[in-house]
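Visitor: Please take one part of this structure and go through it slowly, then show me what lies around it.

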Amino acid sequence: MTTTSTPRKITIFDTTLRDGEQSPGCSMNLSEKLEVAQALMDLGVDVIEAGFPITSIGDFEAVREIAKTVRGATICGLARCREADIDRAWEALKEGDDVRIHVFLATSAIHREFKLRMDKEAIIRHAVAGVQRAKGYCDNIEFSPEDAARTEIDFLCQVVEEAISAGATTVNIPDTVGYATPAHFAHVIKSLVNRVPNIDQAVISVHCHNDLGLAVANSLAAVENGAGQIECTINGLGERAGNCSLEEVVMALRTRGDFYHADTRVNSPRLVPTSRLVSSITGMLVQRNKAIVGRNAFAHEAGIHQDGMLKERTTYEIMRPEDVGFSQTDLVLGKHSGRAALADRARALGYHLANEQLDEVYTDFKKLADKKKEIFDGDIAALIEQRNTQIVDQWQFVSYDVHAVSGQPPTATITLSREGEPHTVTKTCGDGPLDALFNAVEEITGKSVVVRDFRVQSASRGKDAQGESIVEVEHNGRVHRGRGVSTDTVEAGARAFLNAINRIEAGQTAVGKREAV
Ligand code: KIV
Ligand code: ZN
């Protein structure tokens, strides 16, 4: 069904780089964050929340670099309602063209009593002071009453009114613990619209967590009742069960424009490439049956469905795969493809490669094309990611040799190099060849870790597909992720383990990178 009136424009506020990055194991380094920010720009999001500057040097640098270099979206930094937080957020944002400070303070009775030990008056005082301090730096201010969905509605209305009077231009209503249901959340938003006298001076935003699997439904219920901004993340990444998934909420609004009379400026064919980019950078797999971007999202298996599809596509399909970015054919390049063709494919996959990066990836591509006849999108993404992770590597993988027989301890020899100098160790131990290789790497690098997770998957299809390995290791109470790619899966595992060790050396952490605040 189509409508004649112009749809209301909903602002898409992406928090993949802030709330999304808080997902266990999803931490990104600076170059990875810049890459995601560029992809979000290409996708057409309106606001990018780039980090929480007070919490770590890494977050501060990421917000600063993204504010300085990314144009075409508002860049936002998060701060508690504390002077030091707000000053630090501004320090990170000040070189940007179009920036926003996002201040938050919890308002629910549980948070007031147990976390903050503040009464209602103190909460209002701090919220107003926080908004006013931020307003001293820039006009575009967002205020979030954290745990709003569990806040008494009268008090929530009062806090929101005071925050707007103090200068907030967006009031964001978080369901911090994913407690709301659609009817409940609709009531919260409707109450704010009807009861806050100055509500027309600010945009109502919503920020829903997915603990009950209702984040998208709650966000849509909020839009139906007047919300003008949705906070969301690519692939629904985020604390615990994650946030509202950007691709799902955007496509729900677009597909059901007849009902919501609302839309976003998201360039929907960039959804699948952006989802894949974020998945490959964070190592967080997208489930096959995930709506919109999962591999099976458009696969029709039942005979009766296939029959209907052949007669008329719309019998069983409410969106076209190409509208969300599934390409018609996955077979891309081969041995004779040139540098320009590779650059073109990399761009289509969401990567922005500088000339020297392209040269390096092209060298790897040529080597791979000698081993493998058909090179698919997944292979190209894996090669680029492999290069990106190597940027921080102090130890380089050189070669390995393993001898393994069932029922006997394996023997593994590995050679690594550091500053051009080779180091070789042989170990006969462990449960299998990879365990022995990991032990050898630990001995050379002097880093002892506990492996928490180890995976190998194929980067594309075929028996000769590259193996992409993700390893999560724990070191000094923190979890670090490593990634490795090779047509040889044992080598991919060894490279992933070494990459995790290199990340430890580089001082990056995958979980708990931000200081607890
Ligand atoms: O979930 C939450 O309440 C948040 C706020 C900082 C907006 O992430
Ligand atoms: Zn959140």
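**A covered helix and its surroundings**

Guide: Helix α8, residues 215-224, is mostly covered, with eight of its ten residues buried (buried means under 20% relative accessible area, exposed over 50%, partly exposed in between, with a 1.4 Å probe and protein chains only; helices, H or I of at least four residues, and strands, E of at least two, are DSSP runs numbered from the N terminus). This is a predicted model, where local features need pLDDT of at least 70 and side-chain atom pairs count only at pLDDT 80 or more, while totals for chains, interfaces and linings use all residues. Residues are numbered from 1 along each chain as its sequence is written, chains are lettered from A and ligands numbered from 1 in the order in which they are written, and side-chain values use heavy atoms, with hydrogens and water left out.

The buried residues of α8 are A215, V216, N218, S219, L220, A221, A222 and V223. After the helix comes G226, with a positive phi near 120°.

I230 belongs to the largest nonpolar core, which has 113 residues (a set of buried Ala, Val, Leu, Ile, Met, Phe, Trp, Tyr and Cys residues joined through side-chain atoms within 4.5 Å). Within this core, F143 and I230 touch the most other members. The most residues, eight, come from helix α6, residues 153-166. A separate core of 23 residues includes L416, L437, V471 and A500.

D19 sits in the loop between β2 (11-14) and α1 (30-43), and H207 in strand β8 (residues 203-208); the pair is 188 residues apart and links distant parts of the chain. D19 and H207 are both buried.
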